[in-house]
Amino acid sequence: MENYWNKEIECMSREDMKKLQDERLVAQVKHVWDNVPYYRKKMEEKGVTPDDIKSTDDLYKLPFLSKADLRDAYPYGLLAKPLSECVRIQSTSGTTGRRVVAFYTQHDIDLWEDCCARAITAAGGTKDDVCQVCYGYGLFTGGPGLNGGSHKVGCLTLPMSSGNTERQIQFMMDLKSTILCCTPSYAAYIGEALKEMGYKPEDNCLKAGIFGAEPWTEEMRREIEKSLGIKAYDIYGLTETSGPGVAFECSEQTGMHINEDNFIAEIIDPDTGEVLPEGSKGELVFTSITKEAFPLLRYRTRDICVLSRKKCSCGRTLIKMAKPMGRSDDMLIIRGVNVFPSQIETVLIAQGYPPNYQIEIDRVKNTDTFDIYVEMTDEMLSDTVKDIQTKEAELVGAIKTILGINPKVHLVSPKTIARSEGKAVRVIDKRKLV
Ligand code: DLL
């Protein structure tokens, strides 16, 4: 079994890491130029060729890539390897009807799982651990990523997926799980359920949790640590850059180390695109320098963040990112699922509703509530209560199909949703996440 505390990489000197990144970046730029016409065109439009990129110092010359590019190039336009060499897709919501589809070769899967294995190792995981993975499995990257990382570390892996909390708890107690991987809100929910079932924190064998995929606060961390009797570690990633494991927390718990041998991070001003110096707050941009099938250069994550090279007590020299502090677009994360208001609007309009709606989100007992208020048309005013309930249920079904989660839909009388003189206020988010 390999050791996923990769000291050589994780504690590499700054100079050596830069050299490694320089080499990998130059090769990656050539790879996309040769294999992805979409990229070549974007680079040509900016007047850049691979010859202009000699090191990471030249990174700023490359064009940015955004979710809009992924939508334009959907589904195969950014593929840099023949489909016959790809072995997997994973997917997440896009800004409109089109989802983001990411492709992986076997090499990409291996690197991704290595990143997740590093995260598990940094949380104290070894082959003697029992790792319960209750992130969703399927198109979402959480389950498959942590599952692969757990295998690589050699943990006994419980591929639970999310939900069915009673069964989660039964396995957790019977099989003596020591590491829990899920969203922080689900971890908090499991903590509450354990308490309701009469268990004390010391009754379980858990020692660590690896929680991410959505924003969570330090207060929530303390609450989870107390209710489960564990140390709670943050993990970050996005489908476009493989999934979880782009960055992970170590024992110091003061931010997440970025796997810099695979990803170059930059912070930019979201309005001007200007690269900001270390320590500035701005939008996080990633360049993947090892991925073969879906190698994104200067991908704008829309996550607002700060980077730091402050010395870490764990010994790792990998740069650290703070917890994301919000988004520079309108994406919401509800119950761990990425939601764009435009997706809901598309459904409403397709079903003949006026685009007068409001989304209200709150967090009750550590679970996100998701209510959508939609104005009825004038014609619907003569409907019976039963008709209206049927229409609400239809909307719930249509939105569930697109998002994968169930909202509560409330049809309200025409002209009851407050009009705005400026931008419409579509979202009322009552959760206190930062
Ligand atoms: O959420 C991948 C993931 C799975 C990360 C499991 C961690 C654990 P997406 O569904 O593509 O991928 O969503 C990516 O989620 O741009 C952030 O806005 C948000 N996000 C992910 N991790 C964190 C975190 C996965 N630790 C989007 N803290 C990202 C805050 C996070 N936000």
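Figure 1. Helices (H or I, at least four residues) and strands (E, at least two) are DSSP runs, numbered from the N terminus. The open sheet comprises eleven strands in the order E4-E3-E5-E6-E7-E8-E9-E13-E12-E11-E10, with mixed pairing. Strand E4 (156–159) and strand E10 (263–268) stand at the edges with a single partner strand each, so one side of each lacks a neighbour in the sheet. Residues are numbered from 1 along each chain as its sequence is written. Because the model is predicted, local features need pLDDT of at least 70 and side-chain atom pairs count only at pLDDT 80 or more, whereas totals for chains, interfaces and linings use all residues; side-chain values use heavy atoms, with hydrogens and water left out.

Figure 2. Helix H9 (residues 218–228) lies across strand E5 (179–182), strand E6 (208–212), E7 and strand E8 (243–249), contact being defined as heavy atoms within 4.5 Å. The helix runs at about 130 degrees to E7; axes are lines fitted to C-alpha atoms, for helices over the stretch in contact, and angles run from 0 to 180 degrees between N-to-C directions. The loop between E6 and H9 contains Ala213, whose phi is near 85 degrees, a positive value in a residue other than glycine.

Figure 3. Of the 23 residues around the ligand (a heavy atom within 4 Å), Asp234, Ile235, Thr239, Asp303 and Asn338 come nearest. Strand E7 (residues 231–238) gives the most to this shell, with five residues. By class, the shell has eleven nonpolar, seven polar and five charged residues; Ala, Val, Leu, Ile, Met, Phe, Trp, Tyr, Cys and Pro count as nonpolar, Asp, Glu, Lys and Arg as charged, and the others, Gly among them, as polar.

Figure 4. A polar contact is a pair of N or O atoms within 3.5 Å. A polar side-chain atom of Asp234 lies 2.8 Å from a nitrogen atom of the ligand, and a backbone N or O atom of Glu214 lies 3.2 Å from a ligand nitrogen atom. In the side chain of Asn338, an N or O atom is 3.1 Å from an oxygen atom of the ligand. The protein covers 98% of the 600 Å² of accessible area (Shrake-Rupley method, 1.4 Å probe) that the ligand has on its own.

Figure 5. Four strands form an open sheet of mixed pairing in the order E18-E17-E16-E19. Strand E16 (residues 357–364) pairs with E19 in the parallel sense over three bridges, and Ile361 has Asp429 in E19 as its bridge partner. Helix H10 (residues 341–350) packs on the sheet, touching E16, strand E17 (367–375) and E19, and its direction makes about 130 degrees with that of E16.

Note on methods
Two strands pair if DSSP finds at least two bridges between them. A polar contact is a pair of N or O atoms within 3.5 Å; within protein, one must be able to donate a hydrogen and the other to accept it, and residues adjacent in sequence count only if both atoms are side-chain atoms.
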